[in-house]
Amino acid sequence: MEEHEVYPIIGSEGFARLVAAFYRQVPGDDLLGPMYPADDFPGAEQRLRDFLIYRFGGPPLYIEQRGHPRLRMRHAPFPIGQGARDRWVQLMDRALDEAAFPADVQQLLRAFFGAMATFLVNRPGH
Ligand code: HEM
């Protein structure tokens, strides 16, 4: 399966469901919760959802609103060590379980999130 084939299968609704399941866990998380904007969780949810829709073959809403993703640069203000990386992946794995997508979609997204989270580590010693 190719990345651009994911959107036609799960649609905006699937990504909305996934990202909602992820963000439901964030405010209460001791490590990640404090990093996110307490007054703008809906905005953060929308940015991640639109990015994923664009990245996996859907309409480029993210690009229209935010421009080039530059995710490493955009994550620079947040101290992402191995611990934060693993926690993020753990919460997203739970969200993927909850979303119950077809197995091939689930597998592709799991691999993508793991690799991208590793790429975003910017405080390797932490
Ligand atoms: C490795 C652990 C990670 C941490 C601790 C982390 C943390 C954060 C935080 C605190 C924000 C700001 C929330 C906002 O206002 O939008 C953010 C934004 C964002 N993150 Fe992450 N993130 C991680 C991994 C990822 C991964 C793996 C992806 C890609 C799938 C991702 C995609 C995004 C996107 C698209 C935004 C919005 C960027 C923007 O347009 O400003 N993040 N992240």
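## Basis and terms

Helices are DSSP runs of H or I with at least four residues, strands are runs of E with at least two, and both are numbered from the N terminus. The structure is a predicted model, in which local features need pLDDT of at least 70 and side-chain atom pairs count only at pLDDT 80 or more, while totals for chains, interfaces and linings use all residues. Residues are numbered from 1 along each chain as its sequence is written, and side-chain values use heavy atoms, with hydrogens and water left out.

## The iron site

The protein gives the iron atom of the ligand a single donor: NE2 of His75, at 2.1 Å. Donors here are N, O and S atoms within 2.8 Å of the metal (3.2 Å for Na, K and Ca), and a site may look incomplete because water is not among the atoms. His75 belongs to helix α4, which covers residues 71–75. A polar side-chain atom of His75 also lies 2.8 Å from a nitrogen atom of the ligand.

## The ligand and its surroundings

Two or more residues of the shell around the ligand come from each of α2 (41–55), α3 (61–66), α4, α5 (82–99) and α6 (103–119).

The ligand is surrounded by 22 residues, with Arg47, Tyr62, Arg66, His75 and Trp88 the closest; a residue counts if one of its heavy atoms lies within 4 Å. By class, the shell holds 17 nonpolar, one polar and four charged residues. Nonpolar means Ala, Val, Leu, Ile, Met, Phe, Trp, Tyr, Cys and Pro, charged means Asp, Glu, Lys and Arg, and the others, Gly among them, are polar.

Asp29 lies in the loop between α1 (6–23) and α2. Asp29 has a relative accessible area of 9% and is therefore buried (buried is under 20%, exposed over 50%, partly exposed in between, with a 1.4 Å probe and protein chains only). The side chain of Asp29 makes a polar contact of 3.0 Å with that of Arg87. Such a contact is a pair of N or O atoms within 3.5 Å; within protein, one must be able to donate a hydrogen and the other to accept it, and residues adjacent in sequence count only if both atoms are side-chain atoms.

Asn122, in the segment after α6, is buried at 19%. Its side chain reaches the backbone nitrogen of Ile80 at 2.7 Å and the side chain of Arg123 at 3.3 Å. Gln106, in helix α6, is buried at 15%.

## Positive phi angles

Arg70, in the loop between α3 and α4, has a positive phi near 40°. Arg70 is partly exposed, with a relative accessible area of 47%.

Ala100 lies in the loop between α5 and α6, and its phi is also positive, near 50°. Ala100 is exposed, at 58%.
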